[in-house]
Amino acid sequence: MTDTARTARAGVPERPTLDGLEETWARRWQEDGTYAFDRSKATVPERGAVSDTPNRTGRRADVFSIDTPPPTVSGELHMGHVFSYTHTDTVARFQRMRGRTVFYPMGWDDNGLPTERRVQNVYGVRCDPTLPYDPDWQPPAAPVDDAARKDPTPISRRNFVELCGTLTAADEQVFEALWRRLGLSVDWSLTYTTIGRAARATSQRAFLRNLARGEAYQAEAPTLWDVGFATAVAQAELEDRERPGAYHRLRFAGPGGREVLIDTTRPELLPACVALVCHPDDERYAGLVGSSVRTPVFGVEVPVHTHPLADPAKGTGIAMVCTFGDLTDVTWWRELALDTRVVVGRDGRLLPEPPAGVPAEPYAALAGQTVNGARRTLVGLLADAGDLVGEPRPITHPVKFYERGDRPLEIVSTRQWYLRNGGRDTGLRAELLARGGELRWVPEHMKHRYDHWVGGLTGDWLVSRQRFFGVPVPVWYRLDDTGEPDLSHPLTPDEATLPVDPSSEPPPGYDESRRGRPGGFVGDPDVLDTWATSSLTPQIVGGWETDPGLFRQVFPMDLRPQGQEIIRTWLFSTIVRSHLEHGVLPWRDTVLSGWILDPDRKKMSKSKGHVVTPLALLEQYGSDAVRYWAASGRPGMDLAFDPAQIKVGRRLATKLLNASRFALGLGAADALHAPATEPLDTAMLAELSGVVAAATAAFDGYDHTAALQAAEAFFWRFCDDYIELVKERAYGTGPRADSARAALATALSAQLRLFAPVLPFATEEVWSWWRYGSVHRATWPTTHEVGRAIQGDGDPELLRLAGDALSQVRRAKSERKLSMRAEVPLAEALGPAALLDRLTLVADDLRAAGRIGKLDLLPDRTPELVVACAF
């Protein structure tokens with residue numbers, strides 16, 4: 001950037017400090033546009049090379065584009081965020097220094113259930129879509145007390161959505177401030193929100209195209225339902241939680257007076273029973289198959305079938321099929337073409353009227369009760385009728401929950417929107433598995449999770465939600481003369497009018513006066529699943545259909561970094577959308593994060609209440625120190641939260657300031673491009689060249705940890721050995737002093753750039769003392785650059801040899817409790833002759849550093865180097 005290029009050198013401060021660097025440099029980077037995506041420097045492929053079917057080989061190599069995870073704006077950022085986002089930032093900084101034009105946006109995932117729940121808790125309100133909009137309504141002062149949360153104030157949908165927007169906007173400012181303090185090198189002008197106008201238009205456009213191609217469809221079907229949130233839930237959002245329960249043994253009446261015993265954990269679903277099922281090979285029930293049995297209490301006849309999913313070893317070996325108790329019930333119901341008797345409503349209570357064929361009198365005792373209440377009542381009815389065999393047997397078993405919910409899921413029959421994802425289409429499933437094979441996985445073993453998920457899908461992606469703060473499903477329905485909607489022929493908007501809200505805008509050809517009237521229209525009341533929008537983050541931020549030039553520059557993207565736990569949701573759904581719309585992968589590589597563990601090596605979790613928030617740590621230790629801790633964890637590997645490691649990071653950053661100040665104080669700044677001629681100097685640079693090669697290869701493989709380890713190990717040897725060995729010579733004059741200063745300058749310049757991706761603040765501070773521009777816009781160091789400073793040959797082992805000899809001299813002084821500045825009248829170096837011949841090349845530097853009066857070399861006395869000191 002031109003502004004950055006003009007940045008003047010600051011000079012070396014008397015007492016360098018890490019304190020305050022974050023505020024100074026975050027402001028400077030923003031003012032100078034240090035991390036701005038300069039699209040003028042990125043090539044645009046010919047339109048025909050990408051256009052409708054983007055292809056990696058048909059587009060630029062000078063752009064590196066990142067599909068950054070948009071964090072959910074419904075609480076606080078925690079150390080898990082710092083961990084994974086630091087990893088991505090090191091990649092962005094490395095690629096920028098390698099000469100790539102980096103496209104690094106930031107988004108906020110602010111629509112959906114988490115935001116609604118947060119608004120309800122903060123303000124003590126609930127959405128009531130039947131209420132009219134009140135433009136004068138003002139929210140209560142937040143936060144409210146528990147009483148207000150338990151008895152929330154009803155407000156209109158529009159008021160509720162506006163309140164969601166207000167709260168998320170405030171949360172996003174807090175999040176952005178923390179990310180800036182952490183030093184993320186994103187281009188903040190590219191920030192987007194998943195509820196913003198561009199995201200809504202993109203999400204609706206993609207949905208309408210899915211609908212036009214037959215990939216999106218409506219169906220009335222059994223639906224996983226969260227009673228607390230009052231919405232449908234997709235398969236990808238489920239989690240099993242161990243919960244206490246009990247097996248109840250029920251007596252059914254078989255033909256000829258035969259007793260048929262059934263074990264069930266859900267006796268309250270007895271009025272929903274539609275069949276019994278046993279395994280085809282179970283001889284115990286072979287005589288029952290094809291006949292009917294009668295249910296206890298209700299006396300309803302239900303058929304007996306066989307199915308391979310029935311487990312002869314579970315319970316009594318024959319199961320009650322209800323509509324619907326669990327997902328297996330759904331499978332049996334569908335594959336055996338059974339009747340439907342739904343008894344649980346969307347509110348989690350038993351419906352007021354019994355299903356067809358179930359007598360009203362016994363059902364009346366259950367009507368309107370919660371599931372738990374109905375269970376207690378029905379168990380009492382079974383006991384009174386003598387059809388409860390024995391006492392209930394307590395068990396602990398896995399129960400399906402929505403991942404963000406706190407009540408067990410029910411299965412109710414609803415009409416929902418679905419998107420084809422291979423769950424019922426073997427051809428599409430194979431195509432999506434093949435896409436997973438095209439993707440570069442880091443670490444590679446994570447691909448197994450993708451394959452396992454796609455291979456185990458049992459249905460298409462349910463994308464509609466019965467909520468309020470989300471992207472509206474962009475369709476309307478005609479009402480016939482009786483006011484019934486024509487669901488089979490939805491009305492759709494023109495793409496040029498997107499985004500639309502069918503709840504407040506009429507469809508083309510209608511006006512608002514005809515809403516809800518016979519012969520008029522009604523809008524679809526649902527919103528799209530938040531993943532249905534988040535799955536389009538490359539298209540949202542890349543300007544799909546709104547900025548074709550930008551889209552051709554950045555899509556398909558280079559990198560998708562994300563958490564391993566959302567492979568089945570975010571990663572898979574993004575591949576689905578890109579495959580259906582563009583026929584390609586949305587990115588080339590994906591890098592998966594590990595977990596953050598507590599000191600007991602257990603995964604940190606919000607639900608367990610032991611997550612650590614980062615702000616206090618950033619303030620106490622500085623951002624570079626926290627980033628150092630984060631960079632210590634490799635992709636896919638878990639990392640324990642360890643404040644001691646953060647302290648190590650601060651020590652490293654502080655040492656970088658002080659060592660740089662010392663080297664520059666020796667005159668290194670004026671010797672940057674001069675050659676190094678002395679053996680010790682060329683040895684140090686030769687080793688540095690190897691470090692540059694190792695760090696570069698590591699970053700190319702997304703192994704920021706290996707890159708940091710290589711740079712850090714060399715840096716401490718550089719400080720503890722090389723500087724100590726060379727500083728007396730560097731203080732002098734003449735060719736040997738010039739060589740030392742030249743080597744210091746080259747080494748300092750290279751090391752600052754090696755550390756820059758992990759320690760952006762300290763490296764930028766030091767760079768400003770003696771170089772122009774930003775270190776983060778400087779070129780990544782190369783072996784050629786370092787080698788160019790070496791005059792003659794460089795032997796990297798020579799520095800190690802000299803360092804070993806010096807450490808033995810230091811140890812001798814320490815054992816005698818002498819100052820490191822104490823004189824050593826005589827030192828004898830023993831070892832193989834060839835080794836001592838090499839030591840003579842650095843003997844002068846060793847004598848000066850060790851304050852040795854006389855150094856005798858005694859060859860072939862010992863098998864390895866031994867330095868003996870006489871005092």
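**Figure 1. Overview of the predicted protein chain.** The model is predicted, so local features need pLDDT of at least 70 and side-chain atom pairs count only at pLDDT 80 or more, while totals for chains, interfaces and linings use all residues. Residues are numbered from 1 along each chain as its sequence is written, and side-chain values use heavy atoms, with hydrogens and water left out. The protein chain has 28 helices and 29 strands; helices (H or I, at least four residues) and strands (E, at least two) are DSSP runs, numbered from the N terminus. Along the principal axes, the C-alpha atoms fill a box of roughly 110 × 65 × 55 Å. Of the 871 residues in the protein chain, 55% are buried. Buried means under 20% relative accessible area, exposed means over 50%, and partly exposed lies in between (1.4 Å probe, protein chains only).

Figure 2. A salt bridge is a side-chain nitrogen of Lys or Arg within 4 Å of a carboxyl oxygen of Asp or Glu. Glu-687 belongs to helix H21 (residues 679–700) and Arg-800 to helix H26 (residues 796–815), so the pair ties together parts that are 113 residues apart in sequence. Glu-687 counts as buried because its relative accessibility is 6%, whereas Arg-800, at 38%, counts as partly exposed.

**Figure 3. Further salt bridges.** In total, the structure holds 55 salt bridges. One of them joins Glu-438 to Arg-435, with the closest N and O atoms 3.1 Å apart. Both residues lie in helix H12 (residues 426–438), three residues apart, which is about one turn of the helix. With a relative accessibility of 48%, Glu-438 counts as partly exposed; Arg-435, at 12%, counts as buried. Another salt bridge links Arg-588 and Asp-589, whose closest N and O atoms are 3.0 Å apart. Here Arg-588 counts as partly exposed at 34% relative accessibility, and Asp-589 counts as buried at 1%.

**Figure 4. The buried side of helix H28.** Helix H28 spans residues 843–850, and its residues Ala-843, Asp-845, Leu-846, Ala-849 and Gly-850 are buried. They cover an arc of only 160° around the axis, which puts them on the same side of H28. The arc is that of the directions from the helix axis to the C-beta atoms. Just after H28, Arg-851 takes a positive phi of about 55°.

**Figure 5. The second largest pocket.** This pocket has a volume of about 700 Å³. On a 1 Å grid over the protein atoms alone, a pocket is an open set of points where a 1.4 Å probe fits, with protein on both sides within 12 Å along at least five of seven lines, and lining residues have an atom within 4 Å of a point. Grid points are joined across faces, edges and corners, and the volume is the space filled by probe spheres set on the points. The second largest pocket is lined by 29 residues, of which Arg-157, Arg-158, Asp-501, Ser-503 and Ser-504 are the closest to its centre. Helix H7 (157–182) and strand E21 (521–523) are the elements that give two or more residues to the lining. H7 provides the largest share, four residues. By class, the lining has 14 nonpolar, six polar and nine charged residues. Ala, Val, Leu, Ile, Met, Phe, Trp, Tyr, Cys and Pro count as nonpolar, Asp, Glu, Lys and Arg as charged, and the others, Gly among them, as polar.

**Figure 6. Aromatic pairs.** The structure holds 26 aromatic pairs. The rings of Phe-324 and Trp-333 have planes at 85° and centres 5.1 Å apart, so this pair is edge-to-face. Rings of Phe, Tyr and Trp (its six-membered ring) pair if their centres lie within 6.5 Å; planes under 30 degrees apart count as stacked, over 60 as edge-to-face and the rest as tilted. Phe-324 counts as buried at 3% relative accessibility, and Trp-333 counts as buried at 19%. Tyr-510 and Phe-521 form another edge-to-face pair, 5.6 Å centre to centre with 65° between the planes. Both Tyr-510 and Phe-521 are buried. Ring pairs also link Trp-29, Tyr-35 and Phe-761 into a cluster.
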